[in-house]
Amino acid sequence: MHLAKHVKFREEKFGGVLFETRSEKVYTLNPAATAVVREIKAGADEAAIRQRLKDQFDDKGGSIDRDITALIADLRAKGLLEG
Amino acid sequence: MSESIATAIPASTPASTESGDLGAPLYVAWQITNECNLACLHCIEESGPGKAFKDELDDRQVFDVLAQLMDADVPYLSFSGGEPMVHPRFFDMVEYACSRGAELKIETNGHYLTPENCARLKALGVKAVQVSLDGASRETFNRMRVLGEFNVAVDGVRNLREAGVPIEVNYSPTRFNVHEIGAAVDLAYALGAISFYTGKTMYTGNAVKTWHKMAPSDEQYGPYFATLHAKADEYRGRMRVHFHEMGLLEELRYRLHHPAALLILLPNGLVKLINALPFVCGDLRQQSLKQIWANFQDAWRDPRVAGFVEDLAVDPGKTRTLHQWVHL
């Protein structure tokens, strides 16, 4: 799993941005989504990402697994993520 | 988690991505020289042979600026001009930017796109090359692109395709080429373009002198954009057809409140707020990119900027003064 070829990621104070430079679309990321993309860039697999996000964020509602699954599916659907 | 991850990514474009919260621009459009081999009737930069600025950045300054852009993680750059490929360090600049991971677009008139140069651009990894093809025929293209040759530009695009470089086409409308817009979109697709860009020609630069014989009428723009709507539908999924129908005044009024995350860098290191305004918000010969970016938001709020935009409502011809830079 990796960012698509023409997708650039940059961290910002508010979280981060993904920039799909072929379609020239920009996606803003909140801190949690930024953490997921940071892990993807570092080469982590989905299981490792889930664990690391649970270490970083409060998972009282048990939503982390669901949110990560949805985010990754969304990134794939938008052509931002491959593999 | 206090905030859902999955709902965190609304889409926008660089042009609609506001700059306020970002640590650096997302896009820098750099006119690397004002020198050009052509002298086009409509050129908004008044470029042409012998038109390089006297104070264009020297080698050390060019690579210092490039290093700052890459250190700031600016993800997307374009090199334009003038004609960027006449810059003596053009390929060195391309190599540096691409090697540092930038997505780089070249905006060219296509006259230097030899097979060798296209192969080199491919090897260096440019994102795309955008070629100005303002006509579907030699007659209209050559009339508009003084000193230019349609067949050379078309051959250049073919060389890009042969080399495997992604191709974009730009089209500036005039009263004598608007009727060819449909054929021009078809030609772009046939040549392998992935994107086609056009909008209204602006009254500035060389266009001020040629407006009376070049500017399309409102009656011509109607069918022009109608054709583009139809072509956008026809090529959907195969080639993106981008066009801006919005008038300049409407666009600038929006920008006053929503500055894009974009810097316009001139050949001499001055940084403009946007191409369609005369305001300069920094000088990379004297200030760092970081300082200029920090000033960028305030510069947009300068009352002279809003004043200029509202003056355009009364006198649209005020765009003729865009090259009389106003330092904020």
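Which residue in E6(B) is the bridge partner of B:Val129? The legends below answer this for a predicted model, in which local features need pLDDT of at least 70, side-chain atom pairs count only at pLDDT 80 or more, and totals for chains, interfaces and linings use all residues. Residues are numbered from 1 along each chain as its sequence is written, while chains are lettered from A and ligands numbered from 1 in the order in which they are written.

**View 1. Strands E5 and E6 of chain B.** Strand E5 (residues 128–132) and strand E6 (residues 167–171) of chain B run parallel and are joined by four bridges; strands (E, at least two residues) and helices (H or I, at least four) are DSSP runs, numbered from the N terminus. The bridge partner of B:Val129 in E6(B) is B:Ile167.

**View 2. A helix on the sheet.** Helix H5 (residues 150–163) of chain B packs on the sheet, where it touches E5 and E6 of chain B, contact being counted if C-beta atoms, placed from the backbone, lie within 7 Å. The direction of H5 makes about 165° with that of E5(B), on a scale in which angles run from 0 to 180 degrees between N-to-C directions, and axes are lines fitted to C-alpha atoms, for helices over the stretch in contact.

**View 3. Helices H2 and H3 of chain B.** Helix H2 (residues 90–99) and helix H3 (residues 115–124) of chain B pack at an angle of about 20°, with their axes 9 Å apart. That angle makes H2(B) roughly parallel to H3(B), a term used for angles under 35 degrees. The contact involves B:Phe91, B:Val94, B:Glu95 and B:Cys98 of H2(B), together with B:Arg120, B:Leu121 and B:Leu124 of H3(B).

Technical notes
Angles under 35 degrees count as roughly parallel, over 145 as roughly antiparallel, 65 to 115 as roughly perpendicular and the rest as oblique. Two residues are in contact if their C-beta atoms, placed from the backbone, lie within 7 Å. Two strands pair if DSSP finds at least two bridges between them.
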